[in-house]
Amino acid sequence: MIELKNVKKDFGDLEVLKGISIDIKDHEIYGIIGQSGAGKSTLLRCINGLETYNGGEILVDGVKVSTDDKEGLRHLQKHIGMIFQNFNLLSRLNVYDNIALPLRFWGIDPKSPEAKQKIDSLIELVGLTEKKKARPRELSGGQQQRVAIARALVLDPQILLCDEATSALDPEITKGILALLQDINRKMGITIVVVTHQMEVVKQICERVAFLKDGKVLAEGKPEELFVKPIKEIKSFLQEESGLLPSEGVNIQLFFTDESSDEPIITLMARELGTNFSICWAKLEDFRSNVFGSLIINVREEDKERICSYLDGKKVTWEVL
């Protein structure tokens, strides 16, 4: 659905994007994560033509994104919805009229039977039926973001771009917004691209994720692949520490993803090998309703080879620290 080929962007002497190449599949929820200044939001704005890019190519459903083709870009943007951190609602308009704004922009009468049915169904989808006539000041932050999501969907887009859409919300409300985005993805088949610095967002809904740093993609893959066994830069981003480990014996870190996470490896290993070891550190996390994680065990030097061979036999990824 979205292809980025060696995309480059600079603001004068400042290089913001340094050759970004990403493929985002149709109907996928894709995450772009990294620290502030990594180029995430700039990349998103290049995808929908709000920013020009200086090199490379961006294709959306096979059509090149180009600010030189004003009419083509305008047609493309009709099929791309966008939601922002600060909601961008008009305070003088109620929920219904805020959602209707894109229709007015495209010359569609928001009072027509078809438009009213469309807007009412979206209000119901985002759970705001009783707030239809409310103004933004009468809504909570989470409710305002639900209005913004409905507004982004009113033109039946193929793609929904989310720029830090949950950063201003508390964790419980964030969960509700993410569940809504998953529901939209399932029911409407919309491709969703999520730019965020929040790990919980990526873990809960994203099928794949790209990690950006200094305008480059350092890693790409399933969230559990990137964050259960992170590279050095991601580990620094996560500020993940395993604590003070024993100086005696051998410390081995085990990584549990996919099929290896379902088996009681630790219990079986202690029983079948007849050996003792200590668990020094562990971290388990929920990735789209699957629990993955890692732990560190401390074993005796003489048991190291047997334990490593056993883990290989069980197809558990491990490394000696």
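The following conversation goes through a predicted model of one protein chain.

Student: What should I know about the model before reading values from it?
Tutor: This is a predicted model in which local features need pLDDT of at least 70 and side-chain atom pairs count only at pLDDT 80 or more, while totals for chains, interfaces and linings use all residues. Residues are numbered from 1 along each chain as its sequence is written, and side-chain values use heavy atoms, with hydrogens and water left out.

Student: How many helices and strands does the chain have?
Tutor: The chain has 11 helices and 14 strands. Helices (H or I, at least four residues) and strands (E, at least two) are DSSP runs, numbered from the N terminus. The C-alpha trace spans about 80 × 50 × 30 Å along its principal axes.

Student: What percentage of the residues is buried?
Tutor: Of the 321 residues in the chain, 49% are buried. Buried means under 20% relative accessible area, exposed over 50%, and partly exposed in between (1.4 Å probe, protein chains only).

Student: And Gly37, buried or exposed?
Tutor: Gly37 is exposed, with a relative accessible area of 72%. Gly37 sits in the loop between β3 (29–33) and α1 (40–47).

Student: Where is Glu319, and which residues does it touch?
Tutor: Glu319 is in strand β14 (residues 317–320), and at 29% relative accessibility it counts as partly exposed. Not counting residues up to four places away in sequence, Glu319 touches Lys229, Asn251, Ile252, Gln253 and Phe255; contact means heavy atoms within 4.5 Å. Glu319 and Ile252 are 67 residues apart in sequence and 5.7 Å apart in space, C-alpha to C-alpha.

Student: Changing topic, at what angle do α3 and α5 pack?
Tutor: Helix α3 (residues 95–105) and helix α5 (residues 141–153) pack at an angle of about 35 degrees, and their axes are 7 Å apart. Axes are lines fitted to C-alpha atoms, for helices over the stretch in contact, and angles run from 0 to 180 degrees between N-to-C directions.

Student: Which residues meet there?
Tutor: From α3, Val95, Asn98, Ile99 and Pro102 meet Val147, Ala150 and Arg151 of α5. By class, this contact has 5 nonpolar, 1 polar and 1 charged residues. Ala, Val, Leu, Ile, Met, Phe, Trp, Tyr, Cys and Pro count as nonpolar, Asp, Glu, Lys and Arg as charged, and the others, Gly among them, as polar.

Student: How much space is in the largest pocket, and which residues are closest to its centre?
Tutor: The largest pocket holds about 590 Å³ of space. Its lining has 19 residues, and the closest to the centre are Gln77, Ile80, Gly81, Met82 and Pro102. A pocket is an open set of points on a 1 Å grid over the protein atoms alone where a 1.4 Å probe fits, with protein on both sides within 12 Å along at least five of seven lines; lining residues have an atom within 4 Å of a point. Grid points are joined across faces, edges and corners, and a volume is the space filled by probe spheres set on the points.

Student: What is the class make-up of that lining?
Tutor: The lining of the largest pocket has 13 nonpolar, 3 polar and 3 charged residues.

Student: And the second largest pocket, what is its volume?
Tutor: The second largest pocket has a volume of about 250 Å³. Its lining divides into 3 nonpolar, 4 polar and 6 charged residues, and α6 gives the most to it, with 4 residues.
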